Amino acid sequence: MTSEPLGVFHPSGRFYRFTILIFISLLVLGSYFAYDSIGALENTLMAELHLDRSTIGSLYTAYSVAAIAIVFFGGMLYDKLGPRKASLLFSVLVFLGAVIVAVAKGKWMLIFGRLIFGAGSESLIVVQSAIISRWFKGKEMAMAFGIALTLSRVGTVFSFNTEELIADHFHSFRVALWAAALLCLFSVLCNLVFIAMDRHGEKVLSLQKAEAGDKIVFSDLKKFTSSYWFVVLLCVTFYSAIFPFTALSSDMFHDKWGIPNVTAMSGGFLTKVFYNFTHMFNTAPGITSITIAASMIFAPFAGGLVDRIGRRASLMVVGALIMIPAHLLLGVTHWNPIPMMALLGVAFVLVPAAMWPSVPLVVEEKRVGTAFGLMTAIQNGGLALFPLLNGWLRDKTGTYTSTQIMFSGLGAAGLLFAFLLLRADKRHGGVLEAGSGAGSRGTELQPE
Ligand SMILES: C[C@H](NC(=O)[C@@H](N)CCCCN)C(=O)O
């Protein structure tokens, strides 16, 4: 019997899998853009809406507070709806939140919008991870995660390099916030394409009904090893020194070095956008985006490298170590900030590439969902606290020196956790340090 050749666009093929990956990745493009539109527009928002820096910080805090609540209680929604409907619900929430932010007249409405936005956005990221694992299990998983991260970061880099420009060109910060909301709507449309492709693939391949998975099962908590907890502690300290920093760093570059928010350039809007990108080292939001751009470009390659050589804990040690002088020098010197931002970029390539894929290696397979959910919730604890502290310290002291020392201290704490992880991993058989083929999923791990 001869079997029918499968078409190029058959769900079992690479082309289908990577096409679906593009749409899975675009699912969060709008939310990454909108998340940092506040940081990108902070100077304008402070001037137009009479906000102080603590309020700008509190808009990030609101996002994370909602994220913590929904990651803890949203499990029930996943169970009821499944990831396709859940992703649709969460992406609509993201869009709604972005619209509320765009029309907000003052502080409290902005905070309300960010709460709705955060509730949708972090859950969407968690559902996205589950969907990627489902389509790429046993295939090009690390690379798939890297590609998704790259497309997410495109949102952030564009946010930092276009939002001020849009506000400036149209003489209205609201147009810039509406642009963020429109991009969130674009992500909802991409979600619809993903849903159609996922449903078709599930039928043709007789895949297991999709499980979102990343919800918290409390009885699992005591089953985790010290390696897992050190990864979580590094996650919270590391990310607390990245996103809360970039939330206000454009203001720091503007305030301390006098770097402008947009390049002075005449011409049409698109010419200005292009000019702004090619001169991003000359604008405050552009310099902020150096760190994120590094991660955007190198994430898939770093993922591939980690797959091959392993050395995950060692790479986390290096990443955390680099962060300490980078933040400190930004705070206590007036040196050109670009090399320090590039150093932070190296850390932001190494640590996420090594850290996120480490989770399935240090917990049993059936607890991976709980492990990711818990890590996201705890990470958002830091992402809620530190933007507030950052804004508050800047408002109180009038400079960013103390906040940069605080971020450098977070780097030092991260370094300690990375070392403890390296030591714990040795005790657990070196699963994190092993390269391709040698690593196991750690299904034999027992709690200490
Ligand atoms: C993959 C990782 N994502 C996160 O850490 C999110 N929980 C928070 C993202 C906040 C910005 N949208 C990352 O982006 O490195």
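Here are a few exercises on this predicted model, each with a worked solution.

Residues are numbered from 1 along each chain, as its sequence is written. In this predicted model, local features need pLDDT of at least 70 and side-chain atom pairs count only at pLDDT 80 or more, while totals for chains, interfaces and linings use all residues.

**Exercise 1. Work out how many helices and strands the chain has, and what share of its residues is buried.**

Step 1: Count the DSSP runs, numbered from the N terminus: helices are H or I with at least four residues, strands are E with at least two. The chain has 18 helices and 0 strands.

Step 2: Call a residue buried if 20 or more other C-beta atoms (placed from the backbone) lie within 10 Å of its own, exposed if 12 or fewer, and partly exposed in between. Of the 448 residues in the chain, 57% are buried.

**Exercise 2. Find which residues surround the ligand, and sort them by class.**

Step 1: You get Y32, Y35, E122, I125, L149, S152, Y239, F243, P352, T376 and Q379.

Step 2: At least two shell residues each are supplied by α2 (29-35), α7 (107-136), α8 (141-170) and α17 (368-397).

Step 3: Sort them, with Ala, Val, Leu, Ile, Met, Phe, Trp, Tyr, Cys and Pro as nonpolar, Asp, Glu, Lys and Arg as charged, and the others, Gly among them, as polar. The shell splits into 7 nonpolar, 3 polar and 1 charged.

**Exercise 3. Describe how α14 (residues 312-332) and α18 (residues 401-427) run relative to each other.**

Step 1: Check the residues where they touch. The contact has 18 nonpolar, 8 polar and 1 charged residues.

**Exercise 4. Say where H50 and H171 sit, and whether each is buried or exposed.**

Step 1: H50 counts as exposed because it has 10 C-beta neighbours inside 10 Å.

Step 2: Now H171, in the loop between α8 and α9 (173-205). H171 has 7 other C-beta atoms within 10 Å, so it is exposed.

Step 3: Look at phi. H50 has a positive value near 55°, and H171 has a positive phi of about 55°. Most residues other than glycine have a negative phi.

Terms used
A residue is near a molecule or strand if its C-beta atom, placed from the backbone, lies within 6 Å of it. Axes are lines fitted to C-alpha atoms, for helices over the stretch in contact, and angles run from 0 to 180 degrees between N-to-C directions.
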